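The sequence and the model are shown first.

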Amino acid sequence: MWSHLKVCKKFLFVVDKKQKILVLEPKKVGGESEDRSVGTLKIIGYDYDECRQALVKMVIIDELPFNFVEGKGFRLFSRTVQPRFDIPSRFTIVRDCLKLDVEEKERLKRAFKGQRLCLTTDTWTSIQNINYMCLTAHWIDNEWNFHKRILNFYQVFNNMGETIGQVIENCLLDWGIDKLLTVTVDNASSNSVTISYLKNVIKD
């Protein structure tokens, strides 16, 4: 031990680039929140692809502009934290975001297999007089875990029942969803037409 300490003092500023770090991975509680008081010990090393993937997720989760990665402050921070990380341009981040979107969509499609989903939808008109519709899926998996995912956020031409029904139908076809348990809507009169339309196009 004394010999080891002498070597450490002698080569205090020598860093082994291959040396891995022992970190505590926080335990997820209630979905996205993290409990840093408990977790799992994990050994990590520098991985460029993993850093780039984390950067893309940060841009998406925090709703940051793509050119955020080209900001002087962020580049200074990144060089300080991890000098080996070659920060990608905003164009690369755009491509990575689109790639991640495709990957996550395919993963979600696999999760839908064999599931009978419950849908909720709502439409509203913005201050610019533009109609929007959000469609959300809810389901319980085989381990009795509850899931909720936004399938699509659409701009629609109008709030007519048949129009909304067609938009929902196209969304279900795009996701490959063919089994529904319930569709929950508000009490707008046009939604009666929407439900009737969906009953006709979805037989199961």
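1. The structure discussed here is a predicted model. Every value quoted below should be read with that in mind.

2. Order of the sheet. The model contains an open sheet of 4 strands, arranged in the order E5-E4-E3-E6 and with mixed pairing. The edges are formed by strand E5 (146-156) and strand E6 (180-184); each has a single partner strand, so one side of each is left without a neighbour in the sheet. From one strand to the next, the twist averages 20°.

3. Pairing of the strands. In general, strands of a sheet pair through backbone hydrogen bonds, in either the parallel or the antiparallel sense. Here, strand E4 (residues 131-140) runs antiparallel to E5, and 10 bridges join the two. At one of these positions, Asn-131 has Val-156 in E5 as its bridge partner. E4 also pairs with E3 in the antiparallel sense, over 8 bridges; Asp-122 has Cys-134 in E4 as its bridge partner. The pairing of E3 with E6 is parallel and extends over 4 bridges, with Leu-119 opposite Val-183 in E6.

4. The hairpin. E3 and E4 form a hairpin with 5 residues between the strands. Within this hairpin, Asn-129 takes a positive phi near 65°.

5. Which strands does helix H4 touch? Helix H4 (residues 90-112) packs on the sheet through contacts with strand E3 (117-125), E4 and E5, and its direction makes about 50° with that of E4. Helix H5 (residues 161-175) lies across E3, E4, E5 and E6, and runs at about 125° to E5.

6. In one of them, Arg-52 is joined to Asp-96, with the closest N and O atoms 2.6 Å apart. Arg-52 belongs to helix H2 (residues 48-61) and Asp-96 to helix H4, so the pair ties together parts that are 44 residues apart in sequence. Arg-52 is partly exposed, at a relative accessible area of 24%, whereas Asp-96 counts as buried, at 13% relative accessibility.

7. Asp-174 and Lys-105 meet through their side chains in a salt bridge of 2.5 Å, N to O. This pair links distant parts of the chain, with Asp-174 in helix H5 and Lys-105 in helix H4, 69 residues apart. Asp-174 is partly exposed, with 36% relative accessibility; Lys-105 is also partly exposed, with a relative accessible area of 22%.

8. The side chains of Glu-106 and Lys-109 form a salt bridge at 3.9 Å, N to O. These residues are 3 residues apart in helix H4, and so are separated by about one helical turn. Glu-106 is partly exposed, with a relative accessible area of 38%, and Lys-109 is partly exposed, with a relative accessible area of 22%.

9. Cysteines. How many disulfides does the structure hold? The number is 0. The sulfur of Cys-134 has its closest cysteine sulfur in Cys-171, at 9.7 Å, which is too far for a bond; the cut-off for a disulfide is a pair of sulfur atoms within 2.5 Å. Cys-134 counts as buried, at 14% relative accessibility, and Cys-171 is buried, with a relative accessible area of 0%.

Notes. Residues numbered from 1 in each chain as written. Predicted model: local features only at pLDDT ≥ 70, side-chain atom pairs only at ≥ 80, totals over all residues. Heavy atoms only, no water. Pairing = 2+ DSSP bridges. Axes fitted to C-alpha atoms, helices over the stretch in contact; angles between N-to-C directions. Contact = heavy atoms within 4.5 Å. Salt bridge = Lys/Arg side-chain N within 4 Å of Asp/Glu carboxyl O. Buried < 20%, exposed > 50% of the residue type's maximum accessible area, 1.4 Å probe, protein only.
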